[in-house]
Each structure stands twice: as C-alpha cells, then as structure tokens.
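Here's a quick walk through one protein model, from the overall build down to a few spots worth a look. Have the viewer open as you read.

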Amino acid sequence: MTIAIGFEGSANKLGIGIIRDQDVLSNVRHTYITPPGEGFLPRETALHHREHILKVLQKALDEAKITLKDVDVVCYTKGPGMGAPLTVAALVARTVAQIYDKPMVAVNHCIGHIEMGRLITGSINPTVLYVSGGNTQIIAYSRQRYRIFGETIDIAVGNCLDRFARLLKLSNDPSPGYNIEQLAKKGTKLAPLPYVVKGMDVSFSGILSYIEEHLPSWLDSKEFTPEDLCFSLQETVFAMLIEITERAMAHVKSLEVLIVGGVGCNERLQEMMKVMCEERNAVLHATDERFCIDNGVMIAVAGLLQYKSQGHTPWIETTCVQRYRTDDVYVSWRE
C-alpha cells in the first residue's frame, strides 16, 4: 500500500489531497475569491496560497488520519498554471520531501485531471474534453501520449465565462461559472452570438468582444435580460465544444467521453454532451465539483501512477513550468 500526497496551486484553488493506492483519504481545498467584477492576479493569488497552505496541509493530514512520516511519495503540480501560485505549492512540497526524505514526483496539471477522471468514473480509454479556466483541449490517448486533437486558439472557455461574469458584475463566490449556470436556467431568449469553430479548434475571445460591444444596448432596450445572456453564452460555447468532441470521437472511433476540468461540473454541458453520446451509442463519464474543480487528489493520483511506473522525478527537475503541454508528458503507465 502506497500513500501519496498531492499539492495543487496552479490558479486560485489551493488543494492538498492524500490517497492510499486508489482510495481517497482526504481532499481539502481553499479558494481565493475576489470581489465581483475582478479577476485574480498571480501576486495576490500566491499571497493567498502562502497564507493558507499550512492550514490546508494540516487539515488534509487530520482527515486522512496520518502524519507526514507515513507518506511514501510527495507529488506536486509542475504546470501549466500561473507562475507565482505554482511556486508556493512546489516550495512547500519540496520542503516536506527534504525534511522527511521522501521521493518527489512532478505532475502535469492536465494529466492530473485526466487520470483522476479515469479513476473516479472507471472509464477505460475515453475521448477527453478538458475544460477549465486556463485550458480547453480535446484529448485522446495514443502510443504513450495524451494527444491533443483540438484546442482553443485564444482564451480558455472558463476564462471566457469568468470575463463575461465580470461584465455583468456577478459574484465570484463560489465561482463565476456556477453563478452563470444558475442564471442561465432562467433565461428564455437566445441572443445571436458568434459561433467560432475552425477545423478542430475553437475561439472564444471574439464572442466576448461581441458581447462587450452589444451589452449596453441589449440591457438598456431590455431586448435581453442578464439571464437570457447567460443562457445564450452557455448554449453557444457548449455547442462548439460538443461539435469538436464528436469529430474527435469519430476520428479515433471512440465510444466513451470523459469531461474534466472546472467547467466540466456544469450540468448543462453534461446534459448537451449526453444527448450527443446517446445519438452515437457512446457513454458519457463526468464527475461533480469535488473532483472536477482543481484539487490535490488528482495530483496524487497521477503522481502515484508515474512513480510506480518510472520512479521519482530527479531533484534538479522539480521546478515549475507555466506552459507545460499535455502532449509533452511520456505516459509510461498505460499500454
């Protein structure tokens, strides 16, 4: 039985999770929430992580009923993510590994999401839609790599939703995307928004510019309510994501879809994806906010797989890389 601890701090969620082989022992998270209309900046996010990381670590250990001496391997997020917050979690992970003389494993954040999703849902070889605040990718496994079949060519879908929430001055608590989802349930009119799919790639920044330009006149003339606009944005961007997911499935002849990342817990996205899967006789796998949103468990899961198949990360390589591609990782643990 191997116990792994995972440190995640690539954006505004600070998470520490502990697993024993495939059993989750604890999954503790603390989110940096900014006032309505504001995003989170690297420096302030890093200060939040510094302030809370030791409390989160203690809580994770208490919930798992273990001490750091019991841990067999220390895993942390190497990237991708925001430089300053990444460094805080990496520094604490390195300190723990040095004090207790434990091996360290550097984990790719995206692969953490995928391996966590596979473990929790029991999916074998799915086409993966990875949607979060910083990433939007369609991924399928082939020959020891997670290959990217399509992605955003500008901003991530989660970033698009966050920035839209700022335009409407929606609360960031618990998250902008969640508040958009709740308002969208009351929307009835579909606003004509740009639909931008280019081959296997998508683009979201133009949709945002278009909304920004038309928002004052829409709201002043009462042509569309904020609820209508939340509904319209969701329907448009999710349809784009489902189109490219279906195309990737057709290409690799896949009958499984796994949605991961923070935006993945949106029930409307899951509902739309389910319709497409049923039409293709495919199965949809998705999880709730405990595992969709950035967490430490996913880093522990991917780190442990990596550790068991190829050993620890050399000390000199336990750094952070802000732009760390999903397909840069050699996936030694899969057939």
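A residue counts as buried when its relative accessible area is under 20%, as exposed when that area is over 50%, and as partly exposed in between (1.4 Å probe, protein chains only). Bear in mind that this is a predicted model, where local features need pLDDT of at least 70 and side-chain atom pairs count only at pLDDT 80 or more, while totals for chains, interfaces and linings use all residues. Residues are numbered from 1 along each chain as its sequence is written, and side-chain values use heavy atoms, with hydrogens and water left out.

The protein has 10 helices and 12 strands; these are DSSP runs numbered from the N terminus, with helices (H or I) of at least four residues and strands (E) of at least two. Its radius of gyration, taken over C-alpha atoms, is 20 Å, close to the 20 Å that the globule rule gives for 335 residues, so it is as compact as a globular protein of that length. That rule is 2.2 Å times the number of residues to the power 0.38. Buried residues make up 55% of the 335.

Now for helix α1, which covers residues 42-64 and bends by about 45° at H52. The bend is the angle between axes fitted to the seven residues ending there and the seven starting there. H52 is also one of the buried residues of α1, along with others including T45, H48 and H49. The cover over the buried residues of α1 includes the elements below, where a contact means heavy atoms within 4.5 Å.

| Element covering α1 | Residues |
|---|---|
| β1 | 3-8 |
| β2 | 13-20 |
| β3 | 23-31 |

Helix α2 is part of that cover too. Just past the end of α1, K65 takes a positive phi of about 60°.

What about strand β5, buried or exposed? 5 of the 5 residues of β5 (residues 104-108) are buried, so the strand is largely enclosed by the rest of the structure. On one side sit M104, A106 and N108, and on the other V105 and V107, all buried. Strand β4 (residues 73-79) runs parallel to β5, and 5 bridges join them; strands pair if DSSP finds at least two bridges between them. Y76 stands opposite A106 in β5. From β4 the chain crosses through α2 (residues 83-99) to β5 in a right-handed β-α-β crossover.

Terms used. Right-handed = clockwise from strand over helix to strand, strands pointing away.
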